[in-house]
Amino acid sequence: DVRLVESGGGLVQAGGSLRLSCAASGFTSDDNYGIGWFRQAPGKEREAVSCISTGNHSTYYADSVKGRFTISIDNAKNTATLQMNSLKPEDTAAYYCAADPTCTMVVKTLPLWWGWGTQVTVSS
């Protein structure tokens, strides 16, 4: 069974940084898929934050995080990392690792697989 486990959330002051990790398991060795992150804050729409393809390492970033967040993947370890810099209070949300056959599906639809989430809180 596919599992996605997030870690790295926490409380940080505005302008600070956090690094989120997503460990994926249950995919076969020849699987290609999109893996990334979406976030959900109270009273707000779900927002796709970033995604990376395991096949060609192409990336997607929401306009709200471009230039501040960087996604990467270690294919050998099946682990994706989201480096979040210059954090703003508006980034406060529960962050969920997500995976689908493609990043387009991760970004545009409800992800097929997702983890339990990790809370990111940015104080002003």
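**A walk around strand β4**

Hi everyone, let's start in the loop between β3 (18–25) and β4, where we find Thr-28. Before going on, a word on the model: it is predicted, local features need pLDDT of at least 70, side-chain atom pairs count only at pLDDT 80 or more, and totals for chains, interfaces and linings use all residues. Residues are numbered from 1 along each chain as its sequence is written, and side-chain values use heavy atoms, with hydrogens and water left out.

Now to β4 itself, residues 34–40, where six of the seven residues are buried. Which strands pair with it? Strand β5, residues 47–53, runs antiparallel to β4 and is joined to it by six bridges; two strands pair if DSSP finds at least two bridges between them. Here Gly-36 has Cys-51 of β5 as its bridge partner. The hairpin of β4 and β5 has six residues between the strands, and Gly-43 takes a positive phi near 75 degrees there. Strand β9, residues 93–100, also pairs with β4 in the antiparallel sense, over seven bridges, and Tyr-95 in β9 stands opposite Arg-39.

Next, please find Ser-50 in strand β5. Ser-50 is buried, because its relative accessible area is 1%. Its side chain reaches the backbone oxygen of Tyr-60 at 2.9 Å. Leaving aside residues up to four places away in sequence, Ser-50 touches several others (heavy atoms within 4.5 Å), including Gly-36, Trp-37 and Leu-82.

My last stop is Glu-6, in strand β1, residues 3–7. Glu-6 is buried yet has no salt bridge, meaning a side-chain nitrogen of Lys or Arg within 4 Å of a carboxyl oxygen of Asp or Glu. The nearest side chain of opposite charge is Arg-3, 8.8 Å away; Lys and Arg count as positive, Asp and Glu as negative, and His and the chain ends are not counted. What does the side chain of Glu-6 reach, then? At 2.8 Å, the backbone nitrogen of Cys-97. A polar atom of that Glu-6 side chain also lies 3.2 Å from the backbone nitrogen of Trp-116.

Methods
Buried < 20%, exposed > 50% of the residue type's maximum accessible area, 1.4 Å probe, protein only. Helix = DSSP H or I, 4+ residues; strand = E, 2+ residues; numbered from the N terminus. Polar contact = N/O pair within 3.5 Å; in protein donor to acceptor, adjacent residues only side chain to side chain.
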